[in-house]
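Student: I have a structure open and want to go through some of its contacts. Can you take me through them?

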Amino acid sequence: TSTSGVRVFLADTENLFADNAGTPVPCSTCPSLKVEVTTVLRKGDFLARKLPTSTYPDSEMLESAGAVQVRVVCGNKELQVLPSRYLKVQIPTASTNQSNMTVYTGVLDAEKNLSGWSDTNEPAFLAKWPLPGSGDQQDGYELIIPQTGWSNCARPLNEQSSSFCVTLPEQFTALNARVFLVFKNNNAIAELTGDDESSEFCFPQAPLGYPVTIVVVGKTGEQYWLTNLFTEIGTNVQLSVTPVPMQEQDLLNFLKNL
C-alpha cells in the first residue's frame with residue numbers, strides 16, 4: 001500500500017515474473033527484490049510529471065481516476081509479468097460515480113517518456129475495501145493489469161472536438177516552455193505540442209465547451225515564467241498569451257495546488 005492509498009497485489013510470486021529474455025524468475029531467488037510504485041492522482045501531479053491524459057497517437061481526450069507505474073527489480077534485472085498472469089491494482093477515489101472507466105496502458109517514446117495512453121478495452125471495476133484501523137470503507141477502482149509500467153484508469157471525453165492553439169512571445173519555444181490545458185471540473189490534462197523554432201503550441205482534439213485553465217511554464221536563463229488564464233474551449237481557438245515572471249517556489253506552490 002502506497003502513501004497515497006493505492007494498493008498493488010502480487011499473487012503467487014514464484015510464478016509471476018520473468019526477465020527481459022522471457023525466463024521465469026521466482027521472487028524467492030532474488031537476492032534483493034524492489035517493487036517501485038509511482039502514483040499520479042491529481043491534476044497538478046499529472047502536469048508536474050508531464051503526463052498527458054490523452055490517447056496516443058490520435059490525441060483523444062481522457063478523464064482519469066489516477067495513473068500508476070509499477071516497476072519490479074530483482075537484483076539489477078528489471079522483471080516483467082509472465083503471459084497469462086497479472087497484477088491487481090486498487091486506486092482510491094473520493095467518489096466512484098463513473099462506471100464506464102477502462103484500463104489504459106502507457107505508450108513510451110524512444111527516450112522512454114510517456115507519449116500518451118492506449119486502450120486495453122478491459123474494464124476498471126468499482127470496488128470498496130476496508131481502511132486499516134477503522135471500520136470505514138474506501139471507495140475506488142480495481143484494475144487487472146497484465147504488465148508492469150504505466151497504467152491509467154480513465155474514460156474518453158466523447159464530445160465534439162476542435163483544435164486549440166496558443167501563441168507565446170517569440171522568446172518561448174518548445175525548448176524552454178510547456179503549455180497545458182487543465183480542465184476545471186475533470187481530472188484531465190492536455191499538453192499542447194510545439195516545436196523548437198515556433199512559439200505556437202496546439203492540441204488537435206480539445207473537447208468543446210469545457211472550462212479550462214491555460215497553464216504555461218517557461219524558463220529563460222534563471223527566470224521562471226507562468227501563465228494561469230481561465231477560458232472555455234471553443235472552435236478553432238487561437239490565443240496569444242504572455243507569461244509573467246515568477247519565483248521558483250511560487251511556481252511550485254501553484255502546481256501543487258492545481
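Tutor: Start with Arg-155 and Glu-63, whose side chains meet in a salt bridge at 2.7 Å, N to O. A salt bridge here is a side-chain nitrogen of Lys or Arg within 4 Å of a carboxyl oxygen of Asp or Glu. Arg-155 lies in strand E11 (residues 149–156) and Glu-63 in strand E4, so the pair ties together parts 92 residues apart in sequence. Strands (E, at least two residues) are DSSP runs, numbered from the N terminus.

Student: Where do these numbers come from?

Tutor: This is a predicted model, where local features need pLDDT of at least 70, side-chain atom pairs count only at pLDDT 80 or more, and totals for chains, interfaces and linings use all residues. Residues are numbered from 1 along each chain as its sequence is written, and side-chain values use heavy atoms, with hydrogens and water left out.

Student: Is Arg-155 buried or exposed? And Glu-63, buried or exposed?

Tutor: Arg-155 counts as buried, at 15% relative accessibility. Glu-63 is buried too, at 12%. Buried means under 20% relative accessible area, exposed over 50%, and partly exposed in between (1.4 Å probe, protein chains only).

Student: How many salt bridges are there by this rule?

Tutor: The count comes to 8. One of them joins Arg-71 and Glu-36 at 3.4 Å, N to O. Arg-71 is in strand E4 (residues 62–74) and Glu-36 in strand E3 (residues 33–40), 35 residues apart. Both are partly exposed, Arg-71 at 24% and Glu-36 at 28%.

Student: Which residues are linked with Arg-71 in a network?

Tutor: Glu-36 and Glu-78 are linked with Arg-71 in a network of salt bridges.

Student: What does Asp-139 form a salt bridge with?

Tutor: Its partner is Lys-128, with the closest N and O atoms 2.4 Å apart. Asp-139 lies in strand E10 (residues 137–145) and Lys-128 in strand E9 (residues 125–130), so parts 11 residues apart in sequence are tied together. Asp-139 is partly exposed at 23%, whereas Lys-128 is exposed at 56%.

Student: New topic, sheets. What is the order in the open sheet of 3 strands?

Tutor: The order is E15-E12-E18, with mixed pairing. Strands E15 (200–207) and E18 (237–240) stand at the edges with a single partner strand each, so one side of each has no neighbour in the sheet. Two strands pair if DSSP finds at least two bridges between them.

Student: In which sense do E12 and E18 pair?

Tutor: Strand E12 (residues 161–167) and E18 pair in the parallel sense, over 4 bridges. Thr-167 stands opposite Ser-240 in E18.
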